[in-house]
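Keep the viewer open while you read.

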Amino acid sequence: MTSLPVIPVDPDAPGRRPAMPPRHLADLDLPGRRALVTELGEPAFRARQISHHYFGRLVRDPAEMTDLPAASRDRLAGALLPRLLTPVRELACDDGATRKALWRLHDGSLVESVLMGYPDRVTVCISSQAGCGMACPFCATGQAGLTRNLSAAEIVDQAVYLAGVAASGAVAGSPPRLSHVVFMGMGEPLANYSRVVTAIRRLVAPAPEGLGLSQRHITVSTVGLVPAIRRLASEDLSVTLALSLHAPDDELRDELVPVNQRWKVAEVLDAAWDYAATTGRRVSIEYAMIKDVNDQPWRADLLGRLLAGRSAHVNLIPLNPTPGSRWDASSKPVEREFVRRLRESGVSTTVRDTRGREIDGACGQLAAAGDSDSEAARGARPGVAVRDQET
Ligand code: SF4
């Protein structure tokens, strides 16, 4: 087994301050927006007015906020609505039901988000970091390392933009209202803890303070940062926790998910069960099916023993390989046998819908290709297919 680096660089460490974006209204709660608006010499009610445009009407362009006096609009836009995301590329597939956006941030970093429409719901998968420091060797994002944490507003703005796309009716056959958000794009959400929690609070706060989504329709994924899982359990939020396990034994997980060298399988699962007990939310166990690596029948049985009787559901994710990668997806018969064994152990199991394969839908693949269509970049970075979460 290869030994891989365990602990990522902390991008917020003193002396390594990354170029964070300007403040945006989505970084602030409504009282914070009111205070700022008042400081600018504007009446406090403007905070509610501009928030209604952004969160209620999904309008991100100040020029469209025509009920604001022109002079106030410029002042408020400068202070509260800086442009955070510049579209680089938008791609659609699955007959328009999947749309992927690649963004350039103010410092040139690239991040991705995905919109997935279903007959009964619309889900967005958003990024929480530019790059990722967790170094999972099968993941496109992990191979490039971490650039920086996203601000809360950079996270929220992805959802607001794509909620606007859904509201425009662009996703045929799906409801027009965004209903679910999964933190399964680029980055390890719990490594950007405070901003991710702030972003969640904006997503679930009723309009005009936030987007008004149900907490139960938010899913936060993690590779298993145990202290952060325990902290999240104490936040009085009932979001779903998705634990990216990928292996039931420490020997293999030390390689596939290097942070396992710090927090072992038993410790991570303990934290997950405590999370389920505290929040009442069933934990989602994510397991990328990688051919001849983690898909053996004995590993299905071991996983079944670890999860039997627990408040958990397994999502098997067919790996979305890229050309030149040494990682490949398990065959369908192997996948079916894995499912059969888990279910035989009494563990609820499904195989993840793999949206967006033909548009570099795996986490990090589009950013790896960047805006240059680099085949070398595509080939070097395999990944896990775009993920959506049943709740
Ligand atoms: S799988 Fe997730 S945690 Fe691991 S490197 Fe990729 S983005 Fe980071």
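## What you are looking at

Keep in mind that this is a predicted model. Residue numbers start from 1 along each chain as its sequence is written.

## Positions flagged by UniProt

An unreviewed UniProt entry puts the feature "binding site" at Gly187, Glu188, Ser221, Ser244, Leu245, His246 and Asn320. Let's take a few of these in turn.

Ser221 sits in strand β8, which covers residues 218-222. Its relative accessibility is 7%, so Ser221 counts as buried, the cut-off being under 20%. Setting aside residues up to four places away in sequence, Ser221 touches Phe183, Met184, Glu188, Pro189 and Ala242. Glu188 is also on the UniProt list. Where does the side chain of Ser221 reach? It gets to the backbone oxygen of Phe183, at 2.8 Å.

Asn320 belongs to strand β11 (residues 312-320). With a relative accessible area of 5%, Asn320 is buried. His246, by contrast, is in a loop, the one between β9 and α8 (250-256). It too has a relative accessible area of 5%, so His246 is buried.

Some background first: most residues other than glycine have a negative phi, and most peptide bonds are trans. His246 has a phi near 65 degrees, a positive value in a residue other than glycine. Asp236 is another case, with phi near 60 degrees. Asp236 is found in the loop between α7 (226-233) and β9 (240-244). Is Asp236 buried or exposed? Its relative accessible area is 71%, so Asp236 is exposed.

Then there is the peptide bond that joins Ala207 and Pro208: it is cis, with omega at about 10 degrees. Pro208 falls in the loop between α6 (193-204) and β8, the strand that also holds Ser221.

## Aromatic pairs

How many aromatic pairs does the structure hold? There are three. One of them brings together Trp103 and Tyr161, whose ring centres are 4.7 Å apart and whose planes are at 85 degrees, so the pair is edge-to-face. The two residues come from distant parts of the chain: Trp103 is in strand β2 (residues 98-104) and Tyr161 in helix α5 (residues 152-167), 58 residues apart. Both Trp103 and Tyr161 are buried.

Tyr287 and Phe338 form a tilted aromatic pair, at 5.1 Å centre to centre and with 40 degrees between the planes. Because Tyr287 lies in strand β10 (residues 283-289) and Phe338 in helix α11 (residues 332-344), the pair ties together parts 51 residues apart in sequence. Tyr287 counts as buried at 0% relative accessibility, and Phe338 does so at 1%.

Helix α3 (residues 70-80) has Ser72, Arg73, Leu76, Ala77, Ala79 and Leu80 as its buried residues. What do these pack against? Their partners are α1 (30-39) and α2 (45-56). As a reminder, an α-helix has 3.6 residues a turn, so residues three or four places apart point the same way.

Gln129 is in strand β5 (residues 129-131) and is buried, with a relative accessible area of 2%. Beyond residues up to four places away in sequence, Gln129 touches Val111, Leu146, Arg148, Asn149, Leu150, Met186, Gly187, Glu188, Ala191 and Asn192.

Ala19 is in the segment before α1. It is partly exposed, with a relative accessible area of 40%. Ala19 and Asn149 are 130 residues apart in sequence, yet 9.7 Å apart in space, C-alpha to C-alpha. Leaving out neighbours within four places in sequence, Ala19 is in contact with His106, Asp107 and Arg148. Arg148 is touched by Gln129 as well.

Terms used: Predicted model: local features only at pLDDT ≥ 70, side-chain atom pairs only at ≥ 80, totals over all residues. Heavy atoms only, no water. Buried < 20%, exposed > 50% of the residue type's maximum accessible area, 1.4 Å probe, protein only. Helix = DSSP H or I, 4+ residues; strand = E, 2+ residues; numbered from the N terminus. Contact = heavy atoms within 4.5 Å. UniProt positions renumbered as here; feature names shortened; annotations may be inferred. Polar contact = N/O pair within 3.5 Å; in protein donor to acceptor, adjacent residues only side chain to side chain. Phe/Tyr/Trp six-rings, centres within 6.5 Å; stacked < 30°, edge-to-face > 60°.
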